[in-house]
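Thanks for coming, everyone. Let's have the structure up, please.

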Amino acid sequence: MIRGWTVRQAIVFCRLSASGTTDDKGQSPVALQKYDLLADMTRIAVLTSGGDAPGINAAIRAVVRTGVDRGWEVYGINHGYAGLIAGDFRPMGPRDAGEIMQRGGTILGSARCPEFCTEAGRKKAIESMASRGVEGLVVIGGNGSQTGSHALAEMGFPVVGVASTIDNDLYGSDITIGVDTALNIALEAIDRLKITASSHHRGFLVETMGRNCGYLALMAGIAGGAEAIVIPEYEMEPEGVAEVIHSAYERGKPHAIVVVAEGAHYNAERLGRYFQEHRDRLGFDLRVTALGYVQRGGAPTYADRMLGTRLGAAAVEELAAGRCGVLVGMRKNERATTPLGEVVSSKKPLDENLLRLAGVLAK
Ligand code: F6P
């Protein structure tokens with residue numbers, strides 16, 4: 001039997017492989033096997049993994065309700081891959097997905113799970129689904145989570161990923177669930193800080209999340225009218241930042257806002273320390289506000305509710321059509337699927353033209 005497959009699945013696989021036939025569209029036995037397995041799918045599960053993101057609950061709701069609409073049973077798995085291994089499943093009907101869309105976080109909970117990084121852990125996870133008759137899985141999450149879903153797909157389990165992370169660093173989707181809300185939270189903070197900055201003629205360092213990706217800092221910096229933006233993709237030395245701030249003051253600006261990505265070498269802490277140590281020479285103050293987890297909480301915006309809804313529903317459609325081992329996301333405002341193997345082995349580029357534009361607009 002193929003490692004990790006249920007008895008019924010393995011039987012269907014053997015029957016079709018042995019027949020060696022192709023259908024009238026010329027599909028290979030392997031393609032036929034996938035189609036047959038999924039045509040009678042009746043039970044799926046959904047989990048959320050990695051960092052939570054506003055809009056995830058809308059995606060869960062869409063998976064549950066579109067699944068039920070197809071006549072399927074849908075299980076929610078608590079606490080991500082850890083719950084999958086431990087068998088922490090709960091049946092979900094339309095009412096269980098009620099009043100959740102407007103809430104931040106994930107009602108299913110999330111966890112980091114080192115055991116799932118081992119083959120033994122993943123086998124347990126597949127057994128856990130097989131013993132409950134779960135035939136397809138939706139994984140809502142970012143890079144780490146989709147690395148996990150790719151590993152399951154490689155073991156032959158039907159899985160579809162949904163692009164979700166506030167960092168927007170996931171290849172295969174121009175925008176991911178949670179980004180819009182996180183940016184709006186950062187903008188509100190920047191707008192408020194600008195008022196104090198102008199009143200006191202002070203400079204402010206605002207640190208955004210984003211792990212190793214500068215997207216949140218770049219976009220919040222542009223839309224918030226920052227004087228300087230420091231991101232890991234294009235590092236800036238402290239003296240360069242000081243020059244930009246000096247020149248802003250000389251041009252008559254009453255404030256100086258520097259948006260820094262947490263992943264930059266000179267993050268807010270390091271930059272803040274540098275400016276404190278050289279305060280007398282530089283001649284100005286730079287106060288630090290690290291937004292941190294504030295960006296991940298809060299009610300999802302309209303855009304994130306819609307994105308979660310569209311991608312959750314799309315994941316169910318992909319499973320129903322037998323297009324597994326893919327990530328559903330958005331490209332050029334259209335729903336798009338990308339093989340998970342490509343997703344986990346590719347890096348999403350940052351648009352450096354936007355950084356140049358930010359410099360021009362800061363005049
Ligand atoms: O990936 C989302 C994110 O919030 C990153 O921006 C941040 O670096 C990281 O998660 C924090 O991870 P944790 O939730 O494990 O502290």
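Two notes on the model. It is predicted: local features need pLDDT of at least 70, side-chain atom pairs count only at pLDDT 80 or more, and totals for chains, interfaces and linings use all residues. Residues are numbered from 1 along each chain as its sequence is written.

Which residues are around the ligand? Among them are Gly 51, Thr 165, Asp 167, Arg 211 and Glu 262. Near here means a C-beta atom, placed from the backbone, within 6 Å of the molecule. The shell divides into 2 nonpolar, 4 polar and 4 charged. Ala, Val, Leu, Ile, Met, Phe, Trp, Tyr, Cys and Pro count as nonpolar, Asp, Glu, Lys and Arg as charged, and the others, Gly among them, as polar.

Now the whole chain. It has 14 helices and 11 strands. Those are DSSP runs, numbered from the N terminus: helices are H or I, at least four residues, and strands are E, at least two.

Next, two loops. Most residues other than glycine have a negative phi. Glu 99 has a positive one, near 60°. Glu 99 sits in the loop between β3 (89–92) and α5 (119–131). Asn 333 also has a positive phi, near 70°. Its loop runs between β10 (326–331) and β11 (334–339).

Last, the end of α12. The residue that follows is Gly 322, with a positive phi near 80°.
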